[in-house]
Each structure stands twice: as structure tokens, then as C-alpha cells.
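User: Could you walk me through this structure? I'd like to start with the aromatic residues and then move on to the rest.

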Amino acid sequence: MDFSLTDDQKALAAAAADFARAELVEHAADWDAQSHFPVDVIRRAGEAGFLGIYTPEEHGGLGLSRLEASLIFEQLAQGCVSTTAYLTIHNMVTWMIASWGDGALREAWVPAMVAGEALGSYCLTEPGAGSDAASLRTKAVREGEEYVLSGSKMFISGAGATEVLVVMARTGEPGSGAGGVSAIVVPADAAGVEYGKNEEKMGWKSQPTCLVSFDGVRVPVTNRLGAEGEGFKFAMKGLDGGRLNIASCSLGAAQQALTLSRDYLAERKQFGRELSSFQALQFKLADMASELTAARLMVRHAAWRLDQGDPEATAHCAMAKRFATDMGFTVCNEALQLHGGYGYIREYPLERLVRDTRVHQILEGTNEIMRLIVARRLLADGVIESLQ
């Protein structure tokens with residue numbers, strides 16, 4: 001059993017760390033304060049290959065594994081959690097179109113998305129359908145060789161500033177559940193697409209989050225990904241990887257918080273000596289590092305299982321997402337506590353790390369839903385035994 005990274009994987013992580021230092025870390029606070037979506041930097045991420053990380057090489061991507069994607073996102077998140085989180089969403093949208101679009105649809109969008117010339121948004125959640133995604137009501141009615149979309153999507157990252165939307169819409173009868181959902185590619189500027197206000201959020205302020213409405217939006221049937229009724233299956237496949245991606249962002253945030261805490265404890269003095277000499281604070285630092293290491297191993301193990309096509313990969317992704325996002329928020333919050341009053345002011349990045357990691361426990365499936373996914377598998381015959 002070898003837990004070491006290959007030289008190529010180390011090089012990928014180093015390249016991502018270099019990009020984070022050069023393009024992200026110095027600007028993250030300003031982007032947060034101004035709610036600025038750094039499209040120019042995101043396009044440069046495309047030039048570096050970070051917008052098609054696991055999109056197949058034959059479609060212009062890097063064709064990397066989910067484990068390698070995790071390594072990259074963890075390093076990028078140490079520069080800016082919020083911007084990296086958007087990059088994970090764009091990568092998922094690009095991969096979905098490349099994987100299940102027909103030749104013409106792939107050619108129309110994927111090269112531009114990999115290059116950063118076109119950015120993508122993923123439209124699943126609705127005002128009345130969050131955790132119960134199979135109950136979504138946005139519908140796509142077929143008229144000849146077109147679909148006509150009506151409905152709305154909520155909390156859509158990048159919406160209003162992106163060029164393409166992958167929309168989960170009901171093509172089956174009302175009440176048809178997961179089997180009546182299809183995935184449809186919609187140009188973001190299509191007639192009938194409208195955007196709400198940029199939501200005022202606790203964190204993730206370097207990316208817009210909007211309501212998207214569809215009022216009689218017409219797109220060709222050829223914009224559908226895969227067959228009619230396969231959309232929910234694609235959404236769930238996307239979410240397996242998406243959960244690892246957001247967990248990796250939590251790893252990066254926690255790593256940054258841990259590093260900042262170590263440096264602060266070495267520099268700050270109270271009662272005539274460095275904070276690092278106090279055993280209680282040493283223990284806290286040790287616990288933070290232990291939990292981060294455990295989460296990192298879980299995420300990388302789940303990514304490996306997903307890459308291997310393991311039948312229990314979904315449960316492992318859910319476990320890793322739950323544990324790593326809970327851990328990420330806890331470690332960032334503990335780091336803020338270690339910094340005292342300095343951690344609470346915006347001159348230091350700790351309060352931003354706490355705000356940005358909090359939403360990771362909600363999106364890509366709430367951590368309560370992660371527990372439900374895992375529990376259902378554990379109740380199946382033989383699954384608990386297979387975890388050994």
C-alpha cells in the first residue's frame with residue numbers, strides 16, 4: 001500500500017501552488033470585499049490547464065484523474081477558496097458536456113470552456129427543490145426539434161457572468177421523479193433567460209450567485225446531454241466528483257489556516273513568552289493537524305475509488321465530503337480563535353476562511369444528506385463488512 005504521490009502528481013500540485021501564489025492569494029481579500037468575480041484570472045487559469053482538469057484529452061482537457069484534480073484544487077484553495085470553488089463548478093460543467101454531449105455540442109462549447117473563453121454554470125437547485133433534487137419542477141417541453149424551458153433555478157454560481165448553463169429540467173410527466181429529468185445545455189444569453197440580483201452571501205463573495213429564470217426558452221433537442229431521462233443520473237455522477245472537489249477546497253482552506261496559526265503562535269508573545277510555548281495551544285495545533293491529515297487521506301482514498309469505478313465510490317465520496325467539510329470549517333474556526341481579536345478583523349484572512357468554508361457543509365448535498373447516503377448503503381447486506 002503506497003500513499004506517496006508520483007513525481008508527476010507532485011509537479012501538478014506544485015504548478016497549482018505557484019498559480020495560487022502568483023494570481024490568487026494577494027487579491028483574495030479585495031475580491032471578497034468588492035464582491036468581484038475575477039474573470040481575467042479565471043481565464044488565465046484556463047491557460048494553465050485548470051479549466052479542463054479531468055475533461056478527456058481528446059476534447060482538449062488534461063484528462064487527469066479525480067485524485068489529481070483533488071491535489072490541484074487543494075493547492076488553489078490556499079490562494080482563494082471562493083474562486084477555486086467556482087473553478088470546480090466550471091470543471092464539472094465542462095466535463096459533463098464533453099462526456100455526454102454529441103460531437104457538434106462538444107465542438108461548440110468544450111474547446112472554449114477549456115480555454116476560459118466561455119465559462120459555465122450548473123443549474124440544479126430550485127427555490128422549492130434543494131436536497132430533494134428529484135422533485136425539481138423546471139420543465140422542458142418538446143416541440144418538434146426544440147425544447148421549450150420554463151421555470152427557475154436558485155443559488156447558481158457564476159450566473160449572469162457565464163456563457164453556458166447546464167440545466168436539469170423535467171422532460172417527463174409531473175411526478176415522474178428522477179427518471180423524468182434531462183440535462184440540457186442552454187446558452188446563457190438565450191432569449192427568455194433572465195437573472196436575479198447577485199445574492200448577498202456570508203462568504204464566497206468572489207463569485208456571483210443568482211436566481212436564473214427560464215421563460216419559454218427555446219433550444220435544439222441536440223442540446224440535450226445523453227438520452228431523455230438520463231439527466232438525474234448525470235447530475236449524480238457529477239456530484240460524486242463535485243463532492244470531492246469541494247472537500248478538496250476545504251482541505252486547502254484548513255491547510256492555510258494551520259500554516260497561519262503556526263506562524264502566529266511563533267511570533268506572538270503573551271506573559272513574556274511565545275504562544276507556541278503554551279502546551280494548551282500546542283495541543284490545539286496538533287489536533288488541527290491530525291484532523292486535516294485524516295480528512296486528506298479520506299478525500300484521496302475516495303478519489304482513488306472513484307477513479308477505479310468502485311461500486312461503493314458514491315458512499316466513499318459522501319463520507320469524505322461530510323468529514324472534510326466539517327473538518328475544514330472547524331480547523332478554520334479554531335485558527336481564528338488562536339488569533340484572538342486579530343482573527344476576527346479583515347486585515348487577517350481567518351474570518352474570510354471561516355465564512356468561505358461554512359457553505360461547504362451545505363452545497364453539493366448537505367452534510368445531513370451525506371449521512372443519509374452513507375447510512376442507506378451501510379444497511380445493505382455486506383457493505384459494513386466491505387469497509388474493513
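User: Which residues form one aromatic cluster?

Analyst: The cluster is formed by Tyr54, Trp95, Trp100 and Phe234. Rings of Phe, Tyr and Trp (its six-membered ring) are taken to pair if their centres lie within 6.5 Å, with planes under 30 degrees apart counted as stacked, over 60 as edge-to-face and the rest as tilted. Before going further, please note that this is a predicted model, in which local features need pLDDT of at least 70 and side-chain atom pairs count only at pLDDT 80 or more, while totals for chains, interfaces and linings use all residues. Residues are numbered from 1 along each chain as its sequence is written, and side-chain values use heavy atoms, with hydrogens and water left out.

User: OK, how many aromatic pairs does the structure hold?

Analyst: There are eight aromatic pairs. In one of them, the ring centres of Phe37 and Tyr86 are 5.1 Å apart and the planes stand at 90 degrees, so this pair is edge-to-face. Phe37 belongs to the loop between α2 (28–34) and α3 (39–47) and Tyr86 to helix α5 (residues 81–100), so the pair ties together parts that are 49 residues apart in sequence. Helices here are DSSP runs (H or I, at least four residues), as are strands (E, at least two), and both are numbered from the N terminus.

User: Are Phe37 and Tyr86 buried or exposed?

Analyst: Phe37 counts as buried at 11% relative accessibility, and Tyr86 counts as buried at 1%. Buried means under 20% relative accessible area, exposed means over 50% and partly exposed is in between, with a 1.4 Å probe and protein chains only.

User: And how are the rings of Trp100 and Phe234 arranged?

Analyst: Their centres lie 4.1 Å apart with the planes at 10 degrees, so the pair is stacked. Trp100 is in helix α5 and Phe234 in helix α7 (residues 231–267), which links distant parts of the chain, 134 residues apart. Both Trp100 and Phe234 are buried.

User: What sits over the ring of Tyr54?

Analyst: The charged end of Arg66 does, 3.7 Å from the ring centre. The criterion is that NZ of Lys or CZ of Arg is within 6 Å of the ring centre and within 35 degrees of the ring normal. Elsewhere, the charged end of Arg273 is placed over the ring of Phe278, 4.0 Å from its centre.

User: Switching to packing: which residues have the most contacts inside the largest nonpolar core?

Analyst: In that core of 60 residues, they are Leu76, Met96, Ile97, Tyr122, Val166, Met168 and Leu225. Helix α5 contributes the largest share, eleven residues. Another core lies apart from this one and has 32 residues, including Ala257, Val299, Leu353 and Val354. By nonpolar core I mean a set of buried Ala, Val, Leu, Ile, Met, Phe, Trp, Tyr and Cys residues joined through side-chain atoms within 4.5 Å.

User: What is Met96 in contact with?

Analyst: Leaving aside neighbours within four places in sequence, Met96 is in contact with Gly101, Tyr122, Val166, Met168, Leu225, Phe234 and Ala235, where contact means heavy atoms within 4.5 Å.

User: How is the chain divided into domains?

Analyst: The division gives domain 1 (7–119), domain 2 (121–228) and domain 3 (232–383), with bounds that come from an automatic or database domain assignment. The C-alpha centres of domain 1 and domain 2 lie 22 Å apart, and their contact takes 26 residues from domain 1 and 22 residues from domain 2.

User: Last topic, the backbone: where is Phe271, and what is its phi?

Analyst: Phe271 is in the loop between β9 (269–270) and β10 (273–274), and its phi is positive, near 55 degrees, although the residue is not glycine. Most residues other than glycine have a negative phi. Phe271 is exposed, with a relative accessible area of 78%. Ser35, in the loop between α2 and α3, also has a positive phi, of about 50 degrees, and counts as partly exposed at 36% relative accessibility.
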